[in-house]
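Welcome! Please take a moment with the sequence and the 3D view below, and then we can walk through them together.

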Amino acid sequence: MYSMQEMSFNINDGYLEGLVRGFKGGILRQADYLNLVQCEILEDLKLHLQSTDYGNFLQNEPSPLTVSVIDDKLKEKLVVEFQHLRKQSVEPLSKFLDFITYSYMIDNIILLITGTLHQRSISELIPKCHPLGSFEQMEAVNVASTPAELYNAIIVDTPLADFFQDCISEQDLDEMNVEIIRNTLYKAYLEAFYKLCENIGGATADVMCKILGFEADRRAFIITINSFGTELTKEDRAKLFPRCGQLEPYGLSDLAKCDDYDQVRAVADNYPEYKALFEGAGTNSGEKTLEDKFFEHEVQLNVNGFMQQFHYGVFYSYVKLKEQECRNIVWVAECVAQRQRGKIDNYIPIL
């Protein structure tokens, strides 16, 4: 039986859910990738993409075509579709869609801070920011030298202000502090998004809490592995773990004590879902990296999100599947442009 909330879902959100399911029908399938990997030059890639839902999105681009232009146009198409959905949405869907953009805002802020630390000009960095996470105050990032200044000058007027409370300090911004800020922001963001989905309830909570829980656990694994051999203490590492996944509380407690990769893998062995991802992962020829295994599992969770009806998870899943599709097309394009055909099949299949 459907709940009252699900029975009334179509009043405000039925059209947009139908629209996003239609968008999902245009995602490239395995047959499309088999054609893409046979392309000899980027013009061939452009011709094949014209026969898909991408249509003539590259028709106004002069030759010779470059990978960066393809990347920009892929993002532009996704942003146009997303903004069309956002403009027609009402609460609570509009708030849910805004939350999807916050992760891109975090990435943009970190990119700008890191670029500024390496003496790169803001005008050079802004075009590299993801358009889904753009906001008015971005260009002022270079005026901040401490997290407190960053908050007072820029973040306080953005939706990220609530996530920044634990990052405020007078320490100078350096590469270690920037990574800590990134992970602290993501921790607060994921926990807030998880809580929002719980409050919405119904099928949205069923689908999204599983997806966000996986994202939280993935970040905990990656933070732990990347912290080996750095100045980050075990206590500080534990503070960066998002606490809304399967690993909470005992798995996170075990990860906080890990000293090497084998110990991280031992923690994963206690969770069948993650044990399967760590098995067979490696950096040797013919092996998939742990990152690729995580991407594959994320794709499967997002594909499964479309199996239920009357929920907001389809909007999140569509954006994430299109994001992976963009990475796939750019990977194939890079291999074609650099004539590295030996690695061209290392994309993540979606459908």
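Predicted model: local features only at pLDDT ≥ 70, side-chain atom pairs only at ≥ 80, totals over all residues.

## A word to start with

Let us begin with aromatic rings. Searching the whole structure turns up 25 aromatic pairs. One of the pairs is made by Tyr 33 and Tyr 347, which are stacked, with 4.7 Å from centre to centre and 20 degrees between the planes. The pair ties together distant parts of the chain, as 314 residues separate the two partners. Tyr 33 belongs to helix α3 (residues 30-36), while Tyr 347 lies in the segment after α16 (313-337).

Are these two tyrosines buried or exposed? Both Tyr 33 and Tyr 347 are buried.

## An edge-to-face pair and its cluster

Next come Phe 193 and Tyr 316. Their ring centres are 5.9 Å apart and their planes meet at 70 degrees; over 60 degrees counts as edge-to-face, so this pair is edge-to-face. Here too distant parts of the chain are linked: Phe 193 is in helix α9 (residues 175-200) and Tyr 316 is in helix α16, 123 residues apart. Phe 193 has a relative accessibility of 0% and therefore counts as buried. Tyr 316, at 5%, counts as buried as well.

Phe 193 and Tyr 316 also belong to one aromatic cluster, whose members include Phe 9, Phe 96, Phe 99, Tyr 102, Tyr 186 and Phe 315. Elsewhere, Lys 24 lies over the face of Phe 306, 5.1 Å from the ring centre.

## The nonpolar core

Which residues touch the most other members of the largest nonpolar core? Among its 122 residues, they are Leu 45, Phe 96, Ile 100, Phe 193, Leu 255 and Phe 315. Setting aside residues up to four places away in sequence, Phe 315 touches Leu 16, Glu 17, Val 20, Leu 85, Leu 93, Phe 96, Leu 97 and Ile 100.

Leu 45 leads us to helix α4 (residues 42-50), where Leu 42, Leu 45, Lys 46, His 48 and Leu 49 are buried. Viewed down the axis of α4, the buried residues fall within an arc of 165 degrees, so they line one face of the helix. These buried residues pack against α3, α5 (67-88) and α16.

Helix α9 has 26 residues, and the distance from its first C-alpha to its last is 37 Å, close to the 38 Å expected at 1.5 Å a residue. Just after α9, Gly 201 adopts a positive phi of about 75 degrees.

Helix α10 (residues 202-227) comes with 26 residues, which should span 38 Å at 1.5 Å a residue; its end C-alpha atoms lie 37 Å apart, in agreement with that. In α10, 20 of the 26 residues are buried, so the helix is largely enclosed by the rest of the structure. Ala 203 is found in α10 and is buried, with a relative accessible area of 2%. Its C-alpha atom is 36 Å from that of Val 178, which is 25 residues away along the chain. Just after α10, Gly 229 takes a positive phi of about 80 degrees.

Glu 298 is located in helix α15. Is Glu 298 buried or exposed? With a relative accessible area of 9%, Glu 298 is buried. Apart from its neighbours within four places in sequence, Glu 298 is in contact with Phe 214, Glu 215, Arg 218, Lys 320 and Arg 327.

Met 307 sits in the loop between α15 (290-304) and α16. Its relative accessibility is 65%, so Met 307 counts as exposed. Met 307 and Val 207 are 100 residues apart in sequence, with 9.5 Å between their C-alpha atoms in space.

## One more exposed residue

A last stop is helix α7 (residues 122-125), where Ser 123 is found. Ser 123 counts as exposed because its relative accessibility is 61%. The C-alpha atoms of Ser 123 and Glu 139 are separated by 8.1 Å, and the two residues are 16 residues apart along the chain.

Key:
Residues numbered from 1 in each chain as written. Heavy atoms only, no water. Helix = DSSP H or I, 4+ residues; strand = E, 2+ residues; numbered from the N terminus. Expected span 1.5 Å × (residues − 1). Buried < 20%, exposed > 50% of the residue type's maximum accessible area, 1.4 Å probe, protein only. Phe/Tyr/Trp six-rings, centres within 6.5 Å; stacked < 30°, edge-to-face > 60°. Lys NZ or Arg CZ within 6 Å of the ring centre and 35° of its normal. Core = buried A, V, L, I, M, F, W, Y, C linked by side-chain atoms within 4.5 Å. Contact = heavy atoms within 4.5 Å. Arc of directions from axis to C-beta.
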